[in-house]
Number of protein chains: 2
Amino acid sequence: MSMIYIVEDDRNISEIESFSLRNSGYETAVFETAGDFYETLAVKIPSLVLLDVMLPDEDGLHIVEKLRKDPQTQKMPIIMVTARGTEMDKVKGLDLGADDYLTKPFGVMELISRVKALLRRSGEAREDRQVTIGDVLLDDERHAVYVDGAQCELTHKEYELLKMLMLRAGIVTGRTEILDQVWGTDFQGESRTLDMHIKTLRQKLGRAGSMIRTVRNVGYILDNGME
Amino acid sequence: MSMIYIVEDDRNISEIESFSLRNSGYETAVFETAGDFYETLAVKIPSLVLLDVMLPDEDGLHIVEKLRKDPQTQKMPIIMVTARGTEMDKVKGLDLGADDYLTKPFGVMELISRVKALLRRSGEAREDRQVTIGDVLLDDERHAVYVDGAQCELTHKEYELLKMLMLRAGIVTGRTEILDQVWGTDFQGESRTLDMHIKTLRQKLGRAGSMIRTVRNVGYILDNGME
DNA sequence: TCCACGATATAAATCATACTCATCGCATCA
DNA sequence: TGATGCGATGAGTATGATTTATATCGTGGA
C-alpha cells in the first residue's frame with residue numbers, strides 16, 4: 001500500500017491527517033522536523049508527502065526546492081499544507097514544484113480527495129524495489145541493506161543470499177535450492193560454503209541476524225515475525 | 001508552445017482566462033459548449049483543459065468522466081473551474097479524475113500558477129536542465145560541471161559518464177549498462193576503459209569524487225549524500 | 001588532447017579444509 | 001518405562017589459499 005509521509009509540527013493536525021489517511025487505507029509516518037523527515041527519506045521514498053509550510057527547523061518552500069533538485073525525490077508527489085491562505089504563498093509553493101496545496105483548516109474529505117487524485121496522477125504504481133522484514137530493509141536499487149536504519153555492508157554473495165531469503169520470508173528454502181539460486185545450478189562439491197555465508201550474514205545483521213533460522217535437515221528460513 | 005483549451009460559457013470569465021494565459025505565453029482556444037469542445041478535441045488534443053463545471057449542454061463532471069474513459073484523452077491534464085465552492089463539488093471533480101480545480105472567483109496569478117504547475121507535472125515544458133547532487137552541479141545546457149561553485153573541466157566521455165551517474169543517483173548501475181549507454185550498444189571487448197574514466201572522474205571531482213562508489217560485482221553508484 | 005587497450009598491481013570476495021559443536025536416534029541399563 | 005550415554009549426522013566456525021574484480025599505469029592510435 002502507499003506510504004505517505006506527514007511533515008507537520010502541530011500534533012493536533014498531524015494526528016487528524018494520519019488518522020484519516022490510515023482510515024482510507026494508506027500507511028503514514030509523521031515527522032515533526034525537517035531533519036527527521038530527511039533522515040527517513042534517505043532510507044525510503046514514500047508515495048506522497050504532506051508538507052507543512054511552517055516548520056521549526058526549515059521552511060517548507062525551501063524543502064520543496066531541495067527535493068526537486070534531487071533526482072531521487074524529483075518526481076515525488078508533494079502536497080503543501082499552509083495556514084497562511086494568501087495567494088502569494090500558494091503561488092510560491094506551486095512554482096517551486098509542489099504538486100498541490102491544502103489550506104488550513106481543511107476538511108478531511110478534501111484531504112483524502114487530493115491525496116487520491118495526486119496519487120492517481122503520479123501513481124502508475126511506482127514499482128517498489130524495497131523489501132522490509134522486521135528491522136531489515138533491502139533496497140535493490142541501491143543494492144543496500146539497512147538494519148534499524150543503519151546501513152549494513154554486505155558482499156555480493158551475502159546480498160544475494162539475504163535477498164533470496166527475504167523474498168521468500170516465512171518459507172523454508174532447501175540448501176540445494178539456495179545453492180542453485182544464488183550460486184548457480186552448476187555449483188559443485190559439498191562444502192561448508194553456504195553455512196559460511198549464513199554465518200557472516202547473521203553476524204553482519206547483528207541483532208536481526210537471529211531472524212535467519214536453521215531448519216535442520218532441510219535448509220534455512222527467514223522469520224517474518226508471524227509465527 | 002502549449003495549447004490550452006478553455007471550456008466556459010461565461011464570456012467575461014473566458015476572456016480573463018484567455019487573456020492572462022496568452023500573456024504568459026500559452027496558446028488558447030475558447031469553447032462555449034461541450035459540443036464545440038468535442039469537435040475540436042477530435043482534431044487536436046491540447047496540452048491542458050480549463051473546464052467549467054456548469055455548461056449549457058452538458059455537466060462538466062460528466063465530461064471529465066467521459067474524457068478519462070477515452071485512451072486518447074485519458075492523461076490530458078484537466079483543471080475544473082467551479083463557482084460552487086462547496087467541498088463536495090471539489091471531491092466529485094477530483095475523484096472523477098480532474099487534476100486540479102479552481103474556485104470562482106480566482107486570482108489571475110493563481111490561475112497561471114496552477115496551469116504552470118500542472119503542465120510541469122504532466123511533463124511539458126520541463127526546462128530544468130540542471131541537476132545537483134551534493135556539491136556537484138551539472139548544467140546540461142552549458143555542458144558544464146561545477147564542484148563547490150568552481151568549474152570542473154571534463155572531457156566528453158567523462159561528462160557523459162558523470163551525467164548518467166547523476167541522473168541515476170542513488171541507484172546502482174551495472175557496468176554493461178553504463179557501457180551500453182555511454183559508449184553505445186556495440187561496444188566490444190572487456191577492457192579497463194570504464195575503470196579508467198571512473199578514475200579520472202573521481203580525480204577531477206576532487207573531494208566530491210568519493211561520491212562515486214564501486215559496487216563490486218555490479219557496477220557503480222553515485223551516493224546522494226543521504227546516508 | 002582524448003581515448004582504447006593490454007599489462008600489471010592491488011584489493012577483495014569466495015571457497016575448501018579441517019575442525020568443533022549441537023542434535024537426534026537408538027540401545028542399554030536401572 | 002524412563003533415564004543415560006554413545007555414535008552418527010548435520011550444522012557452525014576459523015583460517016588461509018585461490019580466484020576474481022577493480023585500480024592504475026604506460027603505450028600508441030586517432
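Predicted model: local features only at pLDDT ≥ 70, side-chain atom pairs only at ≥ 80, totals over all residues.
**View 1. Five strands of chain A form an open sheet.** The strand order is S2-S1-S3-S4-S5, and the pairing is parallel. Strand S2 (27–31) and strand S5 (100–103) of chain A are the edge strands. Each of these two pairs on one side only. On average, neighbouring strands of this sheet are turned by 20° against each other, direction ignored.

**View 2. Strands S4 and S5 of chain A run parallel.** Strand S4 of chain A spans residues 78–82. It is joined to S5(A) by 4 bridges. Look for A:Val81, which stands opposite A:Leu102 in S5(A).

**View 3. B:Asp99 sits in a loop of chain B.** The loop links helix H4 (87–96) and strand S5 (100–103) of chain B. B:Asp99 has 26 other C-beta atoms within 10 Å, so B:Asp99 is buried; the cut-off for buried is 20 or more. Setting aside residues up to four places away in sequence, B:Asp99 touches residues of chain A and of chain B. From chain A come A:Ala117 and A:Arg121. From chain B come B:Pro77, B:Ile78, B:Ile79 and B:Leu118. B:Met76 is 23 residues from B:Asp99 in sequence. In space, the C-alpha atoms of B:Met76 and B:Asp99 are 9.1 Å apart.

**View 4. Helices H6 and H8 of chain A cross at roughly 85°.** The axes of H6(A) and H8(A) come within 10 Å. The crossing angle lies between 65 and 115 degrees, so H6(A) is roughly perpendicular to H8(A). On the H6(A) side, the meeting residues are A:Lys157, A:Glu158, A:Leu161 and A:Leu162. They meet A:His197, A:Thr200 and A:Leu201 in H8(A). By class, this contact has 3 nonpolar, 2 polar and 2 charged residues.

**View 5. A:Ile198 is a buried residue in helix H8 of chain A.** A:Ile198 counts as buried because 21 C-beta neighbours lie inside 10 Å. Leaving aside neighbours within four places in sequence, A:Ile198 is in contact with A:Ile212 and A:Tyr220. A:Thr214 is 16 residues from A:Ile198 along the chain. The C-alpha atoms of A:Ile198 and A:Thr214 are separated by 9.6 Å.

**View 6. DNA strand C is surrounded by 23 residues.** The closest are A:Thr155, A:Lys157, A:Ser191, B:Thr155 and B:Lys157. Helices from chain A and chain B supply residues to this surface. Helix H6 (156–167) and H8 of chain A each give at least two. So do helix H6 (156–167) and H8 of chain B. By class, the surface near DNA strand C has 4 nonpolar, 11 polar and 8 charged residues.

**View 7. DNA strand D has 17 residues around it.** A:Arg192, A:Lys199, B:Arg192, B:Asp195 and B:Lys199 come nearest. Helix H8 (193–205) of chain A supplies at least two residues of this surface. Helix H8 (193–205) of chain B also supplies at least two. By class, the surface near DNA strand D has 4 nonpolar, 4 polar and 9 charged residues.

Conventions:
Residues numbered from 1 in each chain as written. Chains lettered and ligands numbered in written order. Near = placed C-beta within 6 Å. Nonpolar A, V, L, I, M, F, W, Y, C, P; charged D, E, K, R; others polar. Buried ≥ 20, exposed ≤ 12 C-beta atoms within 10 Å, placed from the backbone. Contact = placed C-beta atoms within 7 Å. Pairing = 2+ DSSP bridges. Axes fitted to C-alpha atoms, helices over the stretch in contact; angles between N-to-C directions. Parallel < 35°, antiparallel > 145°, perpendicular 65-115°, else oblique.
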